[in-house]
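Take a look at the model below. The walk starts with a term, then moves through the interface to a surface patch.

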Amino acid sequence: MRHGFRVEVSNEPRRISDRKLIKFGFNVLLPRKRLIIFAWVLITISTFVNLLPELFLKQILDQGVSGKNLSIINRDAILMIIVFIISWILSFTAQLTIVNIGESSTLEIKDKMFAKLLNHTQSYFDKHKSGEINSRITNDVNSVSNFLGLNLIDIVNVFLQLIGILLIMLSVDLTLTLISASMIPLFVLLGIFLVGPLRRISMKRRKDISKVTSSVAENISGIKETKNFATEKKVAKSFEQVNKENYQSALKATSMFSLLSPLMTLFGSIGTALIFIFVGYNMDIYTAGVLALFYSYLNKFFGSVIFLTTFYSSYQAAFASLERIYEFMEEEPEITDPNNGKNLIITKGEILFDSVSFSYDKKVTIYQNFSTKFEGKNITAIVGETGAGKSTLVKLISRFYSINTGKILIDGQDISLFDRTELRSHIGFITQTPKLFNLSVLENLKYGSPAIEEDQVIQIAKLVGLHNLISKLPNGYNTQITSKSNLFSMGQRQLVSFCRVILKNPPIILMDEATSSLDSISEFKIHEALSVVFKDKTAIIIAHRLSTIRNADHILVIDGGRVIEEGSHRSLIDQKGKYYSLYKKQVHRLMKVSN
Amino acid sequence: MFRIAKPQIKFFSVGVLSMILGVQLGLLIPVIVGWFIDSIVVNHRANELWAIVISLLGVTVLKGLFDFGNRYFNEKGGELSMYKLRNQLFQKLQSHSLTFIQSRSEGNILSRMTADLDVIKSYLSRDFRLGISAIYYYFSIGVIIYLTLPLLILFYLVLVPFLFLISWVYGRKVRPIIKERRKTLDRVSTHIQEKVANVDIVQAFTMEKYELDRFHDENKLYRDLAVKSLLIRGSTLPLATVLVSVAGVAIIWFGSVEIVTNPLTGLTIGQIVSLNLLMIQLRTPTRLFGNFISGVNSVQVSADRVFDILYSDVDIRDKENPLTQMGEIKEITYNKVTVTIKERKILSDITLKFKGETVNGILGSSGSGKTTLINLLPRFQDPQEGSILINGVNIRDYSLKTLRQNISIVNQENFLFNKSILENLLFSNQNVSMDEVVKYTKIAQIHKFISSLPEAYDTIIGERGITLSGGQQQRLSIARALLSRPKIIIFDDSTSSLDAGTELIIQEELQKLEYKVTMIIISQKISSVRYADYVCLLDQGEIIEQGNPSELLNSEGLYRKIYSLQRLDSMVVEEEVQ
Ligand SMILES: Nc1ncnc2c1ncn2[C@@H]1O[C@H](COP(=O)(O)OP(=O)(O)O)[C@@H](O)[C@H]1O
Ligand SMILES: Nc1ncnc2c1ncn2[C@@H]1O[C@H](COP(=O)(O)OP(=O)(O)O)[C@@H](O)[C@H]1O
Ligand SMILES: [Mg+2]
Ligand SMILES: [Mg+2]
């Protein structure tokens, strides 16, 4: 595939070693080591405290009941109650700490990931699907946080419990302990047999459900096309296919998991039965208290063993997620900002391309040794056929993509020496497709200059001709809109973009077909408004319409990654070259109409 | 909510039945342990040993079978319900009008089809059944206790209401938080989706910090809610477990004292052990009972969100016995059409006629209602007043499918799927040969570009066609629309990103289409409608001028004004050409 989308085949072996991942996870937890130690201490204490009631029970039965000693019964009963209450307090505190650790590290990872995301160049977004990115930041992080929070602590807990139980059991009776322990290999064997298939099926499930999600997502976005071509049936059919696959793997996973727990219980029962038989043949040695104690511990004991055998799969799942986060965090943006806080000083706003080469995908070269100059405080128009590379050119000035070789200079300063945010704070960029956010109308208009007063926004809205429409809305400037909303027609959205840039008031303005959907009259008005705004600014305008281009001080005609003609409108007409032939057609048509 | 489960009721009934049997058998195990202690350990009746061992193993095997049945059938019922529900939802979603979908954000709809379904599913196949099992546990253990020593039931009767009370308090307190958490999660996800889709704008306006802060705030809220819900959970549900444990101790204590002081009651040590084990078994259902209670509400919230899609009326739908054939287009008539959205008149009293197989133009300032006007034709939206007729038949009499198969709109912004170029082209019509595909891509002036790509028609074009230039996207969409061979084709400002030369060529090529077509061209450029047989001008939702282009030019109106604006600008060239 040309753009090399990474298909998420989760059951392929992991690419990153566990050690690296552990180190990565460790670094996240490190700042919280105090809390973690605190939680662990609490857990350790509570684990041991939790083993006490059985001992008290044994005493009640053996010494209290059999020995007919009421005071022991009373004392131990009260002790048991105290133990339960202490254990509750301990485990509650521990859990609270753990959840705090988990959720705070989650918050931190999410923030880092999002910051990283916004730092990427456009080429990253050309390659990665938004659904995939979304699922890394939400699902993967959540599953890791659950693991960090609960499982990692649980495993310590369970280990301690296992050791504690073994010690107590040993101290009570060696033979019975050995019989119980003899069941462990059975559990391990079951674990080994089931872990592989269980993991595979769980991963297949994850993959299938994410297919369902992206299928829904894409079809919601494309619903207009579906309606337009009346292909609802076809689309629904292909969704049903994906959905069915998900259902089938869910069912398979379910039946395997449903098998697991009865099997484990059965093994536990076999252990109990063995003990019963042994005791049955050695009746005189054992007291009721010992038996009650063993039976209770046995349950806990097998419970711990079961946890350990299944731990591997939750560990695998968490590590698969951790790996995806790791990869996400390790993928360096194509451009690393120097982070030197250097300020770009704009005097004239002259932009110079110095033998710039660029390609999107290292296969098709868009620009090769391209050099040109955009005069400061001038309006330069770029014209050329679709796909000629006009948009690419302005995207390079804003460093949405990084150039392969050469330099781009603004007033003699290489733009790659500055942070991108610094560079862009001097540039107003109106992109080809204007976009609205899920915000209020006001917030949309002042996107880019959050600190600006409402009065000023209204003033500019009046200037670009949006005020009339907005004031007719039920909540005026405070109307909430969705990004898909029809409230603004395409042309009106372009006016919103203008509004944003005018409010930002930068010395350099880039307009990529920014008036293409405007009618002549609005365009005329906008140009009048802009002639004030553009004063003393460097502007680069991409447009097809003569009416837009004519006002420019200078015109570049681009074709095949080169400037093939340049000059003023007049001089280009005189040249009778590409520009002339491009626009002869337009005029021709007008004249035909007028005949 | 039970509406969802109903079709799968047989799985759920089998599941719940095996669950109850499994629970009941599980409760027998402590009794067997008690039996063992009494007869073997205390009374040394060796002859009962094998009976005990065999019943222990037998009960476990049977219990295992029922446990399997319990999980399997409940999960199967749950998964099957979700599978069916998801299909239904998807289909329903496809039949809803665009207005319905556009008024809800994409992220919102998506989370209804994923997260909300998950909530419903896990309630149906887990929390609900665990709730039932908890109730059964309470009941059955009560019976065993009563049978063992009637007096003990008093402890139990005091205990149980408290357990219900605690679960109820937990459910009530945690509900709003769960709801809030879900909303926050929704917003986070929408936030990411939106910022990824519009990252160019975020970066161009250096709003990274602003967006990061908003993101952080939402996530922090989410974290705080998580901690808060844990606080509530931790301070209620374990309390119930502690109560159960304390009751267990009380039973042990009471029983032990009884044996010592009052041996005549016949209470045995084995019975005390088994009662203790039963009380331990009661802990888990007690802990989970809270989810059953709190779940009722959150599942209802989810179900409501799902039903909003599933059961809200489709406002645009076929009438009964619709026409499924549409002949050659003779005329399209708008008859006093008025569109009002939120009390604002978008179109008022539009009356016009497009003749069949002609080229028609619509001009008008942005926001004048052009897109709304043509969206009425394939019924993406219905007018509040007036009617639209094709060949004298109201468009509401045609089936939507027929109507839309015969009408194609090329929009200003077109959605391209993250698939190959060919798959995108074939989206509108699968039954065409490669030759035909090439024929139409040539008309749309995009074939040459596609062939220049290393993988030509198999090139994957990225999410929303991101790797194509604006003009290339438009031309691809034009080819896609032509491929569906519509009788009516509408270009909604769809050549705005094309240079004049390319646009001209496409227009000329379109004249040569081998099938008959009625064209409606919305444009800002007078030059785009020069071939038109009829042009109408829209202003603030009203038709202010109409007629054929030369007529319009000779009258002193808006058309002439626009013409002169566009002509004035190019005067210099014009002189040259002359
Ligand atoms: N993100 C991208 N990835 C790969 N190729 C691209 C990408 N964006 C544009 N291109 C290709 O680069 C060429 C120039 O595109 P562009 O600069 O958008 O043209 P235009 O002059 O129409 O604005 C086109 O052939 C287009 O297919
Ligand atoms: N779903 C909607 N909700 C609210 N307002 C709408 C909706 N659809 C269109 N409008 C309003 O209708 C007017 C006309 O929109 P439109 O038909 O897209 O204009 P045009 O295509 O002529 O530029 C706009 O002012 C817009 O605000
Ligand atoms: Mg472009
Ligand atoms: Mg429009």
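A salt bridge is a side-chain nitrogen of Lys or Arg within 4 Å of a carboxyl oxygen of Asp or Glu. By that rule, 3 salt bridges cross the interface of chain B and chain A. In one of them, Lys435(A) pairs with Asp200(B) at 3.4 Å, N to O. Helix H8 of chain B, residues 208-261, gives the most to the side of chain B that touches chain A, with 30 residues. Helices here are DSSP runs of H or I, at least four residues, numbered from the N terminus.

This is a predicted model, where local features need pLDDT of at least 70, side-chain atom pairs count only at pLDDT 80 or more, and totals for chains, interfaces and linings use all residues. Residues are numbered from 1 along each chain as its sequence is written, and side-chain values use heavy atoms, without hydrogens and water.

Now the interface as a whole. Contact (heavy atoms within 4.5 Å) links 180 residues of chain B with 177 residues of chain A. The buried area is about 16,700 Å², and carbon and sulfur atoms give 67% of it. That area is the accessible area (1.4 Å probe) that the two parts lose on being put together, summed over both.

Next, the surface. Phe159(A), Ile163(A), Leu167(A), Leu170(A), Leu174(A) and Leu178(A) make a nonpolar patch of about 590 Å². Patch residues have over 30% relative accessible area and no salt bridge, with nonpolar side chains (Val, Leu, Ile, Met, Phe, Trp, Tyr) joined within 5 Å. Areas come from the Shrake-Rupley method with a 1.4 Å probe. H5(A) gives the most, with 4 residues. Leu167(A) sits in that helix, H5 of chain A. Leu167(A) counts as exposed because its relative accessibility is 53%, and exposed means over 50%.

Note on methods. Chains lettered and ligands numbered in written order. Patch = residues over 30% accessible without salt bridge, like charges linked within 9 Å, V, L, I, M, F, W, Y side chains within 5 Å. Helix = DSSP H or I, 4+ residues; strand = E, 2+ residues; numbered from the N terminus. Buried < 20%, exposed > 50% of the residue type's maximum accessible area, 1.4 Å probe, protein only.
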